[in-house]
Amino acid sequence: MDGLRIRVRGQVQGVGFRPFIWQLARRFGVTGEVLNDPEGVLIHACGADLDAFVAAITSDAPPLARVDAVETASHVFDDTPTTFEITASQGSGAETRVTPDAATCPDCLADIRGSDPRRAGYAFTNCTHCGPRFTILHGLPYDRAKTTMGVFEMCADCAAEYADPADRRFHAQPVACAVCGPQLWLDHGEDVIARAAERLLAGEILAIKGLGGFHLCCDATHADAIATLRTRKHRPTKPLALMGRWEEIAAHATPSPEERAALSSSAAPIVLLAHQSTLPDALAPGQDRLGWMLPYTPLHHLLLDTVQRPLVMTSGNLSGEPQVIGNDEAVEKLGGFADGILSHNREIARRLDDSVMQVTKHGPMILRRARGMVPDTLPLPPGFEKTRQVVAFGAHLKSAICLVKNGQALLSHHLGDLDDPLTWDEFVKADADYAALFDHHPEVFACDLHPGYRSSQHAAARAGGALVEVQHHHAHLTACLAENGWPLEGGPVAGIILDGLGLGSDGTIWGGEVLLGDYAGFARAAHLKPAPLPGADMASREPWRNLLARLDQAGLSDVADTMLPDAPRDVLRQAMAKGVNAPLSSSAGRLFDAFAALLGFSGAQSFEGEAAMLLEAMALRADGGAGGPYPFGETDGVIDPAPMWKAAIADLRQGTDKSLMALRFHSGLAHAFAATAQRLVIAGNAKAVALSGGCFQNALLLDLTISALGDVPVLLHTKVPANDGGLALGQALIAAATDRRDR
Ligand code: ZN
Ligand code: ZN
Ligand code: FE
């Protein structure tokens with residue numbers, strides 16, 4: 001009997017794909033078999049209506065599946081099958097077969113709000129279309145015994161659901177019910193949700209165990225509770241994330257259709273939404289946006305359904321440390337912050353922060369890539385097919401690592417700032433963890449050029465083969481090329497890289513560059529005129545130091561004297577003159593800081609990017625474009641901000657609205673860099689312009705730069721962060737390109 005052999009590629013394992021195929025086969029009267037193998041899902045099918053069957057594989061795929069390809073070939077059956085069966089997996093070879101954690105699906109939400117006592121009000125309800133995955137995983141293959149659900153023996157009812165291909169919980173590894181699954185507690189006693197809600201409404205702070213770690217939670221409408229949380233956490237101004245159902249979000253924001261899509265995606269990330277609410281200012285002082293997420297576990301839904309108001313959900317950690325995941329650790333570390341701990345006996349195997357994103361005019365933008373977004377893979381661009389296995393170790397802040405194997409890149413979750421000893425431990429563990437999970441045996445290693453980064457030192461110690469040291473901003477450029485599928489032989493691109501700090505090829509610190517190149521190499525086509533960073537690291541914390549350096553450089557020392565009367569100007573000027581503890585830098589991030597200081601940001605930043613975020617928020621309040629962009633000079637590829645400072649000081653003296661000044665600054669910087677990059681394209685030296693670096697998290701700067709570029713083809717980040725969180729991807733591809741050339 002003639003039939004078809006159907007190969008399905010993509011994210012098709014652990015998402016209910018085989019039962020879906022089984023049900024399709026019944027619908028179309030198809031007989032044969034379906035199974036998992038190392039390449040994905042394989043189907044042998046015969047029947048009268050195979051065309052419709054094949055079409056439905058893509059059109060009707062389950063919610064968490066991603067079908068990349070359906071390939072068919074003829075298949076001859078020795079004996080015509082009379083039934084359709086799910087048969088045993090074939091072949092070994094651990095691939096990236098774990099799906100990311102997924103927010104509670106509508107059917108499970110109906111179950112917890114329903115009347116079946118096994119699931120009504122049950123905080124660990126899940127199915128094949130939703131629930132924990134990567135956060136409960138100890139190792140591959142992904143089955144219950146290798147997860148933190150392994151210790152819970154299924155009751156007869158759960159076992160029946162698990163075994164029934166017609167059931168939504170068929171082979172759902174974390175399947176559980178109130179009879180057999182994990183249980184909640186809040187100190188002692190019953191009615192955990194009701195008591196937690198009562199305590200939150202009374203202004204208490206609770207530590208609550210989520211999917212990838214503990215949150216600290218309080219009533220977001222309760223100003224005293226927020227103030228207490230900020231004091232206890234020593235977190236004076238950093239924005240706090242909020243969780244609310246659609247009802248709560250709609251009462252305080254007006255998400256666009258794209259923002260609604262981002263909020264309701266299975267990753268359920270924090271999405272930054274315009275702040276138009278009566279909620280306390282203390283949630284995000286001075287910011288124009290608040291970060292919102294929907295409830296993404298049954299526990300969150302039960303809590304929100306009871307309190308019916310937005311909740312603060314900020315990561316439960318000691319300042320600078322990774323989020324707490326263990327129950328004992330929560331008592332020890334969060335006991336001092338929280339009035340109570342709402343926890344349970346399902347362990348978290350892997351720490352994952354909430355993902356953060358925003359939607360700009362130009363699409364989605366990921367600011368932090370973590371829960372719900374990993375371990376998803378990106379296909380490598382054309383030309384990288386036969387690349388050897390690579391591991392790249394990223395930067396120092398916002399660290400993440402990247403693995404390349406079998407034509408795919410796997411960018412790890414956000415690991416954090418490697419200055420913190422516990423984050424550093426996590427980083428080393430994550431390296432081993434990902435290597436084991438994905439059966440990865442790298443032959444090529446990549447890291448940043450900066451020898452002082454712990455990630456670089458780790459790479460040097462780890463490298464059993466070739467070690468490729470990659471210039472920081474070159475890696476930003478190629479991270480952007482890679483996620484856009486720019487081919488290995490696609491030709492040079494002009495990268496506008498506006499960033500914080502990264503070691504340059506000439507030994508100075510870069511961060512405001514136009515790089516012309518591709519995966520194979522680059523030239524520094526233009527850059528912001530370097531200025532000293534007085535006090536080195538201190539200059540990253542205290543914006544006024546950069547204002548002093550830049551005003552002096554622009555010949556405006558008298559203005560600096562007036563504006564910074566109490567600063568140790570003489571000491572710093574001497575240090576800058578002698579080059580002592582005042583390295584030169586072309587960083588655009590520090591120019592943002594300097595301008596924020598001009599407009600009144602005083603003292604130290606309490607979190608990275610604070611001054612620049614306030615400047616962006618200020619610029620967005622400008623109601624007219626009068627005056628246009630501030631002028632920047634340019635000579636031989638050196639972009640000089642001196643004319644900008646002179647124009648800004650004139651504005652300041654005339655009492656120009658500061659919002660308008662902030663806008664003119666953004667616009668001036670965008671125009672100066674866009675003009676340079678555009679010229680490279682028009683002259684035929686570059687085929688497109690790529691925008692990367694941490695400053696491009698600033699949606700206004702991004703938009704103004706794209707407008708200033710006109711018709712030139714532009715490549716943007718939408719899948720990996722423009723900040724250092726995406727750096728490892730770029731490093732990995734440069735290392736792969738270098739390795740191909742050298743062999
Ligand atoms: Zn579900
Ligand atoms: Zn059960
Ligand atoms: Fe960077």
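**The iron site and its surroundings**

His476 and Asp499 are both buried, meaning under 20% relative accessible area with a 1.4 Å probe and protein chains only. Before going on: this is a predicted model, where local features need pLDDT of at least 70, side-chain atom pairs count only at pLDDT 80 or more, and totals for chains, interfaces and linings use all residues. Side-chain values use heavy atoms, without hydrogens and water, residues are numbered from 1 along each chain as its sequence is written, and chains are lettered from A and ligands numbered from 1 in the order written.

What holds the iron ion (ligand 3) on the protein side? Its donors are His472 (NE2), His476 (NE2), Asp499 (OD) and Asp724 (OD), at 2.0 to 2.3 Å. Donors here are N, O and S atoms within 2.8 Å of the metal (3.2 Å for Na, K and Ca); water is not among the atoms, so sites may look incomplete. The spacing of the donor residues in sequence is H-x3-H-x22-D-x224-D. His476 sits in helix H13 (residues 472–483) and Asp499 in strand S22 (residues 493–503), so this pair ties together parts 23 residues apart in sequence. Helices (H or I, at least four residues) and strands (E, at least two) are DSSP runs, numbered from the N terminus.

Next, a sheet. Six strands form an open sheet with mixed pairing, in the order S16-S19-S18-S17-S20-S21; strands pair if DSSP finds at least two bridges between them. Its edge strands, S16 (377–379) and S21 (466–470), each pair on one side only. S18 (residues 402–405) and S19 (residues 408–411) run antiparallel, joined by 4 bridges. Val404 is opposite Ala409 in S19.

Conventions:
Buried means under 20% relative accessible area, exposed over 50%, partly exposed in between (1.4 Å probe, protein chains only).
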